[in-house]
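Let us walk through a protein chain step by step. Keep the sequence and the 3D view open as you read.

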Amino acid sequence: PTCPFTMQNAEGTTVDLYIPRKCSATNRLIQAKDHGSVQLNIAHVDANGTYTGAYTTVAMCGFIRQSGAGDAALTRIWDEKQRGELRGQ
């Protein structure tokens, strides 16, 4: 049996109803029922501390936050991103 309901955009192409997020620390899929998960937008600032209009999005699953490793994971992710930008990636 086919589903009678489909999600379509303005052009008429079918799109997914739900796109799951992935945890930035563990690469696990964040399920819809994971109410402990958070998504952070980290602002990019210039040398003067002024917001440049750019940001980086980081998603954390509830498992990382519950185990008390959220702060360490966020620091590790940000350090990896900074090292990647310095290398030109």
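How much accessible surface does the chain have, and what share of it belongs to carbon and sulfur atoms? The accessible surface comes to about 7100 Å², and 53% of it belongs to carbon and sulfur atoms. Accessible areas come from the Shrake-Rupley method with a 1.4 Å probe; for residues, only the protein chains shown count as cover.

A word on the source. This is a predicted model, in which local features need pLDDT of at least 70, side-chain atom pairs count only at pLDDT 80 or more, and totals for chains, interfaces and linings use all residues. Residues are numbered from 1 along each chain as its sequence is written, and side-chain values use heavy atoms, with hydrogens and water left out.

Start with the overall plan. The chain has 2 helices and 6 strands. Helices (H or I, at least four residues) and strands (E, at least two) are DSSP runs, numbered from the N terminus. Read from the N terminus, the order is β-β-β-β-β-β-α-α. The chain has 89 residues, and 17% of them count as buried. Buried means under 20% relative accessible area, exposed means over 50%, and partly exposed lies in between (1.4 Å probe, protein chains only). Now take contacts, meaning heavy atoms within 4.5 Å. Among those between residues at least 6 apart in sequence, 36% join residues at least 24 apart.

Next, find strands S5 (residues 38-45) and S6 (residues 51-60). They run antiparallel, and 7 bridges join them. Two strands pair if DSSP finds at least two bridges between them. S5 and S6 form a hairpin with 5 residues between them. Gly49 sits in the turn and has a positive phi of about 85 degrees.

Step back to the loop between strand S4 (29-30) and S5, where you will find Ser37. Is Ser37 buried or exposed? Ser37 counts as buried because its relative accessible area is 14%. Its side chain makes a polar contact of 3.3 Å with the side chain of Arg21. A polar contact is a pair of N or O atoms within 3.5 Å; within protein, one must be able to donate a hydrogen and the other to accept it, and residues adjacent in sequence count only if both atoms are side-chain atoms. The Ser37 side chain also reaches the backbone oxygen of Asp34 at 2.9 Å. Leaving out residues up to four places away in sequence, Ser37 touches Arg21, Ile30, Met60, Cys61, Gly62 and Arg65.

Now move to helix H2 (residues 70-86), which holds Ile77. Ile77 is buried, because its relative accessibility is 14%. Which residues does Ile77 touch, not counting residues up to four places away in sequence? They are Ser24, Ala25, Val58 and Met60. Ile77 and Ala25 are 52 residues apart in sequence, yet their C-alpha atoms are 7.0 Å apart in space.

Lys81 is in helix H2 too. Lys81 is partly exposed, because its relative accessible area is 27%. Not counting residues up to four places away in sequence, Lys81 touches His44 and Thr56. Lys81 and Thr56 are 25 residues apart along the chain, with 9.4 Å between their C-alpha atoms.

Finish at strand S1 (residues 7-8), where Met7 lies. Met7 is partly exposed, because its relative accessibility is 42%.
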